[in-house]
Amino acid sequence: MLEYHRFKTVHDLYMKGRGDEARQQLAGLQRRYVALCDENTTLKMQVQEYEDILYLARNLAFDGWFYWLTTGSIKQGPFCPTCYNRDGLLMRLSGEAHERFCSSCREVYHKPVELAAAMNQEFPPLSGPASEAPGEALMPPPAALKRAKVIPFAR
């Protein structure tokens with residue numbers, strides 16, 4: 001913390017005609033001020049990072065297949081579970097509702113075309129990663145059946 005009484009000391013030194021000593025003390029105060037500003041900026045960035053983490057913790061949901069980010073009534077996604085679990089990255093998946101892929105980790109997710117057409121909405125795959133057998137598809141959990149506005153991936 002800046003010691004405000006030191007500014008008065010600098011002023012008093014100037015008034016007594018001891019300009020060189022006053023300039024030295026003032027230069028020290030300036031260095032301290034710059035250091036405090038740098039520390040303040042660093043702390044503000046850390047606070048913002050923690051606020052971002054809290055925002056994700058409150059608004060990011062995993063439906064069994066993908067991560068979805070909900071902001072108000074808008075559901076954004078889907079995001080790649082592999083990238084998020086491995087690296088903490090929210091990578092939006094591309095492709096159609098029945099087949100999604102991640103441009104980062106190259107993972108491919110499949111969902112039966114018939115179910116995708118019947119649902120007529122953006123939805124997570126039913127069979128998980130492409131490495132799983134396509135015949136082992138499961139119905140999505142009831143929570144995943146809720147309709148929400150989905151922001152599509154920009155092409």
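These notes concern a predicted model of a single chain.

1. Overall make-up. The chain contains 4 helices and 7 strands. In sequence order the elements run α-α-β-β-β-α-β-β-β-α-β.

2. Burial and surface. The chain has 155 residues, and 26% of them count as buried. Its accessible surface is about 10,500 Å², with 57% of that belonging to carbon and sulfur atoms.

3. Contacts. Taking contacts between residues at least 6 apart in sequence, 34% join residues at least 24 apart.

4. Helix 2. This helix covers residues 19-59, 41 residues in all. From its first C-alpha to its last it reaches 59 Å, close to the 60 Å expected at 1.5 Å a residue. Gly-19, Ala-22, Gly-28 and Leu-29 are buried in helix 2. The partner against which the buried residues of helix 2 pack is helix 1, residues 5-15.

5. Cis peptide. The bond between Gly-77 and Pro-78 is cis, with omega at about 0°. Pro-78 belongs to strand 3, which spans residues 74-79. A reader checking the backbone can find the bond there.

6. Positive phi. Arg-106 is not a glycine, yet its phi is positive, at about 70°. The residue sits in the loop between strand 5 (99-101) and strand 6 (108-110). Is Arg-106 buried or exposed? Its relative accessible area is 61%, and the cut-off for exposed is over 50%, so Arg-106 counts as exposed.

Terms used:
Residues are numbered from 1 along each chain as its sequence is written. This is a predicted model: local features need pLDDT of at least 70, side-chain atom pairs count only at pLDDT 80 or more; totals for chains, interfaces and linings use all residues. Side-chain values use heavy atoms; hydrogens and water are left out. Helices (H or I, at least four residues) and strands (E, at least two) are DSSP runs, numbered from the N terminus. Buried means under 20% relative accessible area, exposed over 50%, partly exposed in between (1.4 Å probe, protein chains only). Contact means heavy atoms within 4.5 Å. Accessible areas come from the Shrake-Rupley method with a 1.4 Å probe; for residues, only the protein chains shown count as cover. The expected span of a helix is 1.5 Å times one less than its number of residues.
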